Amino acid sequence: MFWEKDIETIEKDQLAKLQLERLQKTVEGASRSSYYGKIFKERRIFADDIRTLSDLAKIPLTNKDDLLEEWPYGFLSTPKDDIVRMHSSSGTTGRATVIFHTQSDIDRWTDQLARCMYMAGMRKSDVFQNMMTYALFTGGLGFHYGAEKLGAMVIPAGPGNSKRQIRLMQDFDTTVIHIIPSYALHLTTVFEEVGVDPKQDTRLRMAFIGAEPHSGKMRKRIETFYGVKVFNSYGLSEMSGPGVAFECPCQNGMHIWEDAYIVEMINPDTLEPVPDGDEGELVLTTLNREGMPILRYRTKDLTRIIPGECPCGRTHRRIERIKGRTDDMMILKGVNIFPIQIEKKLMDIPGVGNNFHIILERKDFSDDMIIKVEVGREYFTGDLKQLEGLRRTIVNELKSDILITPRVDLVEPDSLPKTEGKAKRVIDNRED
Ligand code: ADP
Ligand code: ZN
């Protein structure tokens with residue numbers, strides 16, 4: 001059941017002890033970087049000031065902008081010679097950040113991913129098809145090394161080339177896939193096109209999805225179509241990549257590995273801590289990274305700690321699925337809306353297809369939301385009355401949830417532009 005039972009089920013006081021030891025080492029390491037060296041000097045912080053875990057609060061929060069201003073080497077804490085690999089973020093909300101790893105960083109991250117996959121139920125006998133982008137993006141290589149360490153056979157398929165993906169699954173009896181949720185939905189139409197039913201014609205049993213926000217409804221859709229159990233996987237390149245938090249077989253939130261990160265939750269406006277159970281922005285400190293330790297990093301991801309223990313026996317706390325980033329929030333006519341709220345509603349309406357785009361326009365000082373929704377293939381029959389009924393249902397369902405009335409345009413199945421990586425859901429045409 002466990003990859004490393006002692007660590008996964010560690011008692012709270014033991015964990016606190018381990019965290020403190022690792023934090024002290026991390027802060028000492030960080031002080032050798034030019035960025036933290038400067039900050040510590042300015043604020044008269046010394047590595048031996050960290051005597052308890054609460055002393056972490058003496059250190060200021062680190063933002064993405066700090067990483068960008070110090071680009072590329074300002075956070076490096078070891079000599080450049082010790083670095084064996086670099087990765088970068090996807091640059092979803094602006095410029096990409098760069099992270100450097102020593103061999104020990106890579107080994108620990110690999111082990112963390114093996115732990116995640118083993119926890120979900122993947123074993124040596126599995127065939128793992130990794131459909132994430134390799135290259136600079138962390139999702140590909142991170143999982144690749146983790147799955148090899150676990151001992152599974154890895155098919156490094158990478159993204160795209162959908163028909164070949166399906167052929168690979170059939171020819172090599174793939175049992176586990178790692179895939180971006182929006183791509184998993186798109187792939188369903190390709191399965192239909194080539195007449196392959198994953199439930200009957202493949203040996204798939206499990207899927208890991210992550211890298212972008214998705215609702216429980218979307219997970220359900222993927223589980224139903226593929227006939228697999230789907231596990232949510234969370235991570236960000238600044239914290240090494242995937243493997244930060246992952247679902248266990250109870251599928252009731254993601255265990256966040258507290259031997260590798262110190263977890264804080266703050267109110268993104270006041271920056272004050274919020275208690276377990278309340279929504280906030282996740283702030284993380286690396287505990288086992290030597291190349292580029294990052295202290296109190298503002299992830300901009302909104303979630304909450306789920307109070308209570310998990311029946312699986314792991315003691316690491318759980319976070320709820322990510323609601324979105326603080327900068328994903330759309331403000332329209334004074335109402336705050338996250339794209340995931342719209343996705344959740346849409347995925348629950350029969351007749352809605354696999355993709356949608358939200359377009360924001362400003363006319364005469366008033367903001368409008370236009371939602372382009374793909375119609376499901378089985379609903380796309382040319383029956384105009386049925387389509388108009390669907391359109392009206394979508395408008396009414398959304399109106400009751402997001403409190404503004406969007407314009408809904410139905411479009412043909414599979415007609416909206418797709419990206420190979422993370423889906424781009426919102427197009428904001430409003431001028432600042
Ligand atoms: P970028 O921040 O430029 O997109 P990354 O590739 O590092 O680059 O992406 C990390 C971000 O992706 C996270 O901060 C989070 O917003 C999002 N993300 C990753 N995994 C998930 C997940 N399981 N659910 C929701 N969002 C996720
Ligand atoms: Zn659990």
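1. Buried means under 20% relative accessible area, exposed over 50%, and partly exposed in between, using a 1.4 Å probe and protein chains only. By that cut-off K333 is exposed, because its relative accessibility is 51%. K333 sits in the loop between β15 (330–332) and β16 (335–337). Helices (H or I, at least four residues) and strands (E, at least two) are DSSP runs, numbered from the N terminus. The phi of K333 is near 45 degrees, a positive value in a residue other than glycine.

2. On conventions: this is a predicted model, in which local features need pLDDT of at least 70 and side-chain atom pairs count only at pLDDT 80 or more, while totals for chains, interfaces and linings use all residues. Residues are numbered from 1 along each chain as its sequence is written, chains are lettered from A and ligands numbered from 1 in the order in which they are written, and side-chain values use heavy atoms, with hydrogens and water left out.

3. A135 is another backbone point to check. Its phi is positive, about 60 degrees, although A135 is not a glycine. A135 lies in the loop between β3 and α6. A135 counts as exposed because its relative accessible area is 56%. Most residues other than glycine have a negative phi, and most peptide bonds are trans. The peptide bond from W71 to P72 is cis, with omega near -5 degrees. P72 lies in the loop between α4 (64–69) and β1 (83–88).

4. Next, the zinc ion (ligand 2). Its protein donors are C248 (SG), H255 (NE2), C310 (SG) and C312 (SG), at 2.1 to 2.3 Å. Donors are N, O and S atoms within 2.8 Å of the metal (3.2 Å for Na, K and Ca); water is not among the atoms, so sites may look incomplete. The angles among the four donor atoms run from 102 to 116 degrees, and the site is tetrahedral. The ideal angle for four tetrahedral donors is 109.5 degrees.

5. The spacing of the zinc donor residues in sequence is C-x6-H-x54-C-x1-C. C248 and C312 link distant parts of the chain, 64 residues apart. C248 is in the loop between β8 (241–247) and β9 (254–256), and C312 is in the loop between β12 (297–306) and β13 (318–319). Both C248 and C312 are buried.

6. Strand β3 (residues 127–130) is covered on both faces. V127 and Q129 are buried on one side, F128 and N130 on the other. β3 pairs in the parallel sense with strand β4 (residues 153–155) over three bridges; two strands pair if DSSP finds at least two bridges between them. β3 also pairs in the parallel sense with strand β5 (residues 176–179), again over three bridges. Q129 has bridge partners in both: I155 in β4 and I177 in β5.

7. Two right-handed β-α-β units deserve a look. One is made by β3, helix α6 (residues 138–150) and β4. The other is made by β18, helix α12 (residues 384–402) and β19. A crossover is right-handed if, with the strands pointing away from the viewer, the path from the first strand over the helix to the second runs clockwise. Strands β18 (residues 366–375) and β19 (residues 407–411) run parallel and are joined by five bridges. E374 has V411 as its bridge partner in β19.

8. R430 lies in the segment after β20 (426–428). R430 is buried because its relative accessible area is 17%. Its side chain makes a polar contact of 3.0 Å with that of D367. The side chain of D428 also joins R430 in a polar contact of 3.0 Å. A polar contact is a pair of N or O atoms within 3.5 Å; within protein, one must be able to donate a hydrogen and the other to accept it, and residues adjacent in sequence count only if both atoms are side-chain atoms. Leaving aside neighbours within four places in sequence, R430 contacts residues including I331, L332 and L360. Contact means heavy atoms within 4.5 Å.

9. E361 belongs to strand β17 (residues 352–363). E361 is partly exposed because its relative accessibility is 26%. The C-alpha atoms of E361 and R430 are separated by 5.2 Å, with the two residues 69 apart along the chain. A polar contact of 3.2 Å joins the side chains of E361 and N429.

Terms used:
Four donors count as tetrahedral if all angles lie between 85 and 135 degrees; four count as square planar and six as octahedral if opposite donors are over 155 degrees apart and all others between 65 and 115; anything else is irregular.
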